[in-house]
Amino acid sequence: MSNPKTVLVVSAHAADFVWRAGGAIALYASRGYRVRILCLSFGERGESQGAWKVPGMTVERVKEIRRAESTRAAGILGAEIRFFDSGDYPIVPSQQTIDAMVDEFRELQPEFVLTHSFLDPYNPDHPTANNLTLQTRVYAQALGYPSKVGKPINAPPVFLFEPHQPEQCEWKPQVLLNVTPVWETKNASMESMEAQKHLWEYYTDLGRRRGAQAVRNGAPRDVKYAEAFQRVYPQTTSELD
Ligand SMILES: [Zn+2]
(Lines give C-alpha, C1' and ligand atoms only; values in the text may rest on other atoms or scores of the structure.)
Protein backbone atom coordinates (compact mmCIF):
# COMPACT_ATOMS: atom_id res chain seq x y z
CA MET A 1 0.00 0.00 0.00
CA SER A 2 1.61 3.31 -1.04
CA ASN A 3 -0.31 5.59 1.30
CA PRO A 4 -1.56 3.56 4.23
CA LYS A 5 -3.74 4.83 7.03
CA THR A 6 -1.76 5.73 10.13
CA VAL A 7 -1.89 5.41 13.89
CA LEU A 8 0.07 7.63 16.29
CA VAL A 9 1.16 6.31 19.69
CA VAL A 10 2.77 8.61 22.28
CA SER A 11 4.66 6.69 24.95
CA ALA A 12 6.22 8.47 27.93
CA HIS A 13 8.95 5.87 28.43
CA ALA A 14 10.70 3.19 26.47
CA ALA A 15 8.41 0.30 27.31
CA ASP A 16 5.01 1.82 28.12
CA PHE A 17 3.64 1.21 24.64
CA VAL A 18 4.49 -2.48 24.88
CA TRP A 19 2.54 -3.29 28.05
CA ARG A 20 -0.36 -0.93 27.49
CA ALA A 21 -0.96 -0.94 23.75
CA GLY A 22 1.20 -3.66 22.18
CA GLY A 23 -1.91 -5.56 21.10
CA ALA A 24 -3.55 -2.53 19.46
CA ILE A 25 -0.28 -1.68 17.70
CA ALA A 26 0.23 -5.21 16.39
CA LEU A 27 -3.41 -5.48 15.35
CA TYR A 28 -3.38 -2.33 13.25
CA ALA A 29 0.06 -3.07 11.83
CA SER A 30 -1.27 -6.48 10.77
CA ARG A 31 -4.08 -4.67 8.95
CA GLY A 32 -1.59 -2.66 6.89
CA TYR A 33 -1.67 0.56 8.91
CA ARG A 34 1.50 2.57 9.39
CA VAL A 35 1.90 2.71 13.17
CA ARG A 36 4.32 5.29 14.49
CA ILE A 37 5.41 5.48 18.12
CA LEU A 38 6.82 8.67 19.62
CA CYS A 39 8.81 7.74 22.70
CA LEU A 40 9.40 10.84 24.82
CA SER A 41 12.01 9.36 27.17
CA PHE A 42 14.04 6.20 27.64
CA GLY A 43 12.76 5.94 31.21
CA GLU A 44 16.38 5.84 32.28
CA ARG A 45 15.75 6.98 35.86
CA GLY A 46 12.33 5.68 36.74
CA GLU A 47 11.59 2.58 34.73
CA SER A 48 14.88 0.72 34.34
CA GLN A 49 15.24 -1.02 37.68
CA GLY A 50 16.67 -4.20 36.17
CA ALA A 51 19.41 -2.34 34.30
CA TRP A 52 20.45 -0.32 37.37
CA LYS A 53 21.08 -3.51 39.34
CA VAL A 54 24.06 -4.26 37.10
CA PRO A 55 27.25 -2.98 38.80
CA GLY A 56 28.93 0.01 37.15
CA MET A 57 25.85 1.02 35.15
CA THR A 58 25.72 4.55 33.71
CA VAL A 59 22.86 6.72 32.46
CA GLU A 60 24.16 6.56 28.90
CA ARG A 61 24.40 2.78 29.01
CA VAL A 62 20.85 2.50 30.44
CA LYS A 63 19.58 4.69 27.60
CA GLU A 64 21.36 2.49 25.05
CA ILE A 65 19.84 -0.64 26.56
CA ARG A 66 16.35 0.84 26.62
CA ARG A 67 16.67 2.20 23.08
CA ALA A 68 17.73 -1.20 21.82
CA GLU A 69 14.93 -3.01 23.67
CA SER A 70 12.25 -0.56 22.51
CA THR A 71 13.45 -0.61 18.94
CA ARG A 72 13.32 -4.40 18.96
CA ALA A 73 9.86 -4.42 20.59
CA ALA A 74 8.48 -1.89 18.10
CA GLY A 75 9.88 -3.98 15.24
CA ILE A 76 8.22 -7.12 16.59
CA LEU A 77 4.90 -5.26 16.74
CA GLY A 78 5.36 -3.94 13.20
CA ALA A 79 5.71 -0.28 14.18
CA GLU A 80 8.16 2.58 13.65
CA ILE A 81 9.61 4.37 16.65
CA ARG A 82 11.14 7.81 17.21
CA PHE A 83 12.95 8.75 20.43
CA PHE A 84 12.95 12.29 21.80
CA ASP A 85 15.28 11.73 24.79
CA SER A 86 13.40 14.36 26.84
CA GLY A 87 14.64 12.94 30.15
CA ASP A 88 12.48 11.31 32.81
CA TYR A 89 11.66 12.09 36.42
CA PRO A 90 10.72 14.58 35.07
CA ILE A 91 10.08 14.60 31.32
CA VAL A 92 10.67 18.19 30.26
CA PRO A 93 9.48 18.75 26.68
CA SER A 94 11.37 21.46 24.82
CA GLN A 95 9.76 23.83 22.32
CA GLN A 96 11.52 21.78 19.61
CA THR A 97 9.83 18.63 20.87
CA ILE A 98 6.42 20.34 20.86
CA ASP A 99 6.96 21.61 17.30
CA ALA A 100 8.26 18.21 16.19
CA MET A 101 5.14 16.54 17.56
CA VAL A 102 2.89 19.01 15.74
CA ASP A 103 4.82 18.16 12.56
CA GLU A 104 4.31 14.45 13.27
CA PHE A 105 0.55 14.93 13.61
CA ARG A 106 0.37 16.91 10.38
CA GLU A 107 2.52 14.56 8.40
CA LEU A 108 0.80 11.41 9.64
CA GLN A 109 -2.83 12.62 9.71
CA PRO A 110 -3.55 9.73 12.10
CA GLU A 111 -6.83 7.85 12.16
CA PHE A 112 -6.54 7.72 15.95
CA VAL A 113 -4.09 8.44 18.72
CA LEU A 114 -3.07 6.36 21.75
CA THR A 115 -1.46 7.78 24.87
CA HIS A 116 -1.44 7.79 28.70
CA SER A 117 -4.15 8.62 31.22
CA PHE A 118 -4.79 12.14 32.54
CA LEU A 119 -3.71 11.14 36.05
CA ASP A 120 -1.11 8.78 37.47
CA PRO A 121 0.02 9.37 41.05
CA TYR A 122 2.65 6.63 40.59
CA ASN A 123 4.44 8.28 37.71
CA PRO A 124 4.10 12.01 36.95
CA ASP A 125 5.69 11.53 33.52
CA HIS A 126 2.59 9.70 32.28
CA PRO A 127 0.24 12.69 32.74
CA THR A 128 2.95 14.85 31.15
CA ALA A 129 2.81 12.63 28.06
CA ASN A 130 -1.00 12.83 28.05
CA ASN A 131 -0.91 16.61 28.33
CA LEU A 132 1.72 16.99 25.62
CA THR A 133 -0.21 14.72 23.26
CA LEU A 134 -3.50 16.56 23.72
CA GLN A 135 -1.79 19.95 23.44
CA THR A 136 0.06 19.14 20.23
CA ARG A 137 -3.03 17.51 18.71
CA VAL A 138 -4.89 20.79 19.23
CA TYR A 139 -1.98 22.88 17.90
CA ALA A 140 -1.83 20.63 14.84
CA GLN A 141 -5.47 21.52 14.13
CA ALA A 142 -4.78 25.27 14.19
CA LEU A 143 -4.24 26.93 10.82
CA GLY A 144 -2.15 29.61 12.51
CA TYR A 145 0.32 27.24 14.17
CA PRO A 146 3.56 27.28 12.19
CA SER A 147 4.57 23.97 10.68
CA LYS A 148 6.56 23.14 7.59
CA VAL A 149 4.92 19.80 6.89
CA GLY A 150 1.48 18.59 5.98
CA LYS A 151 -1.78 20.38 6.55
CA PRO A 152 -3.78 20.92 9.76
CA ILE A 153 -5.36 17.73 11.06
CA ASN A 154 -9.03 17.08 11.64
CA ALA A 155 -10.07 15.53 14.96
CA PRO A 156 -8.57 12.07 15.37
CA PRO A 157 -10.05 10.25 18.39
CA VAL A 158 -7.72 9.83 21.35
CA PHE A 159 -7.71 6.63 23.38
CA LEU A 160 -5.99 6.47 26.76
CA PHE A 161 -4.27 3.21 27.48
CA GLU A 162 -4.64 1.37 30.75
CA PRO A 163 -2.46 2.65 33.59
CA HIS A 164 -0.83 0.19 35.96
CA GLN A 165 -3.31 0.90 38.76
CA PRO A 166 -6.39 2.27 37.01
CA GLU A 167 -8.46 3.06 40.11
CA GLN A 168 -5.83 5.48 41.41
CA CYS A 169 -5.69 7.15 38.00
CA GLU A 170 -9.45 7.71 37.72
CA TRP A 171 -9.36 5.73 34.52
CA LYS A 172 -12.21 3.47 33.38
CA PRO A 173 -12.31 0.96 30.53
CA GLN A 174 -14.72 2.25 27.88
CA VAL A 175 -13.42 0.23 24.95
CA LEU A 176 -12.31 -3.42 25.03
CA LEU A 177 -10.30 -4.21 21.92
CA ASN A 178 -9.98 -7.86 20.91
CA VAL A 179 -6.27 -8.52 20.49
CA THR A 180 -6.48 -12.33 20.49
CA PRO A 181 -5.27 -12.67 16.86
CA VAL A 182 -2.01 -10.85 17.69
CA TRP A 183 -1.46 -12.02 21.25
CA GLU A 184 1.63 -14.05 20.39
CA THR A 185 3.14 -10.95 18.82
CA LYS A 186 2.42 -8.84 21.92
CA ASN A 187 3.86 -11.59 24.07
CA ALA A 188 7.06 -11.66 22.03
CA SER A 189 7.42 -7.87 22.36
CA MET A 190 6.90 -8.05 26.14
CA GLU A 191 9.56 -10.72 26.41
CA SER A 192 12.00 -8.47 24.58
CA MET A 193 11.84 -6.08 27.57
CA GLU A 194 14.56 -7.73 29.61
CA ALA A 195 14.81 -4.85 32.12
CA GLN A 196 11.21 -5.33 33.28
CA LYS A 197 10.75 -9.10 33.46
CA HIS A 198 8.46 -8.75 36.47
CA LEU A 199 5.80 -7.22 34.23
CA TRP A 200 5.51 -10.06 31.69
CA GLU A 201 3.20 -12.20 33.76
CA TYR A 202 1.27 -9.23 35.13
CA TYR A 203 0.29 -7.98 31.68
CA THR A 204 -0.49 -11.47 30.41
CA ASP A 205 -2.96 -11.85 33.28
CA LEU A 206 -4.42 -8.42 32.57
CA GLY A 207 -4.91 -9.24 28.88
CA ARG A 208 -6.72 -12.45 29.80
CA ARG A 209 -8.93 -10.67 32.33
CA ARG A 210 -9.89 -7.91 29.89
CA GLY A 211 -10.61 -10.64 27.32
CA ALA A 212 -13.01 -12.36 29.72
CA GLN A 213 -14.67 -9.01 30.39
CA ALA A 214 -15.02 -8.40 26.65
CA VAL A 215 -16.96 -11.68 26.36
CA ARG A 216 -19.09 -10.65 29.36
CA ASN A 217 -19.87 -7.43 27.49
CA GLY A 218 -21.01 -9.17 24.32
CA ALA A 219 -17.85 -10.05 22.40
CA PRO A 220 -17.72 -13.51 20.74
CA ARG A 221 -16.65 -16.36 23.00
CA ASP A 222 -13.43 -16.92 21.09
CA VAL A 223 -12.08 -13.60 22.39
CA LYS A 224 -9.33 -14.61 24.80
CA TYR A 225 -7.26 -11.45 25.15
CA ALA A 226 -8.22 -7.78 25.09
CA GLU A 227 -6.76 -4.37 25.79
CA ALA A 228 -8.82 -1.67 27.45
CA PHE A 229 -8.92 2.02 26.56
CA GLN A 230 -10.70 5.13 27.75
CA ARG A 231 -11.92 7.74 25.31
CA VAL A 232 -11.16 11.44 25.68
CA TYR A 233 -13.63 12.86 23.18
CA PRO A 234 -17.20 11.76 22.39
CA GLN A 235 -17.62 9.03 19.79
CA THR A 236 -19.46 10.34 16.74
CA THR A 237 -22.00 7.93 15.29
CA SER A 238 -25.29 7.61 13.45
CA GLU A 239 -26.20 4.38 15.20
CA LEU A 240 -26.75 3.46 18.82
CA ASP A 241 -25.83 -0.20 18.74
ZN1 LIG B 1 6.17 4.86 31.93
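This is a predicted model: local features need pLDDT of at least 70, side-chain atom pairs count only at pLDDT 80 or more; totals for chains, interfaces and linings use all residues.
Lys63 belongs to helix H3, which covers residues 59-77. Leaving aside residues up to four places away in sequence, the contacts of Lys63 are Phe42 and Glu44. Gly43 is 20 residues from Lys63 along the chain, and the C-alpha atoms of Gly43 and Lys63 are separated by 7.8 Å.

Helix H4 comprises residues 95-108; at 1.5 Å a residue its 14 residues should span 20 Å, and the end C-alpha atoms are 20 Å apart, so the two values agree. The buried residues of H4 are Met101, Val102, Glu104, Phe105, Arg106 and Leu108. These buried residues pack against strand E1 (6-11), strand E2 (34-39) and helix H5 (125-141). The residue that follows H4 is Gln109, with a positive phi near 50 degrees.

Two packed helices are described by the angle between their axes and the distance between the axes. For H4 and H5, the axes come within 9 Å and cross at roughly 60 degrees. H4 is therefore oblique to H5, and the crossing is right-handed. On the H4 side, the contact is made by Ile98, Met101, Val102, Phe105 and Arg106, and on the H5 side by Leu132, Thr136, Arg137, Tyr139 and Ala140. Sorted by class, the residues of this contact are seven nonpolar, one polar and two charged. Of the H4 residues in the contact with H5, Met101, Val102, Phe105 and Arg106 are among those that are buried.

The crossing of H6 and H7 is right-handed. In this pair, Trp183, Asn187, Met190 and Glu191 of H6 meet Trp200, Tyr203, Thr204 and Gly207 of H7. The contact of H6 with H7 has four nonpolar, three polar and one charged residues by class.

Technical notes. Residues are numbered from 1 along each chain as its sequence is written. A crossing is left-handed if the near helix is turned anticlockwise from the far one by less than a right angle, and right-handed if clockwise. Helices (H or I, at least four residues) and strands (E, at least two) are DSSP runs, numbered from the N terminus. Two residues are in contact if their C-beta atoms, placed from the backbone, lie within 7 Å. Ala, Val, Leu, Ile, Met, Phe, Trp, Tyr, Cys and Pro count as nonpolar, Asp, Glu, Lys and Arg as charged, and the others, Gly among them, as polar. The expected span of a helix is 1.5 Å times one less than its number of residues. A residue is buried if 20 or more other C-beta atoms lie within 10 Å of its own, exposed if 12 or fewer, and partly exposed in between; C-beta atoms are placed from the backbone. Axes are lines fitted to C-alpha atoms, for helices over the stretch in contact, and angles run from 0 to 180 degrees between N-to-C directions. Angles under 35 degrees count as roughly parallel, over 145 as roughly antiparallel, 65 to 115 as roughly perpendicular and the rest as oblique.
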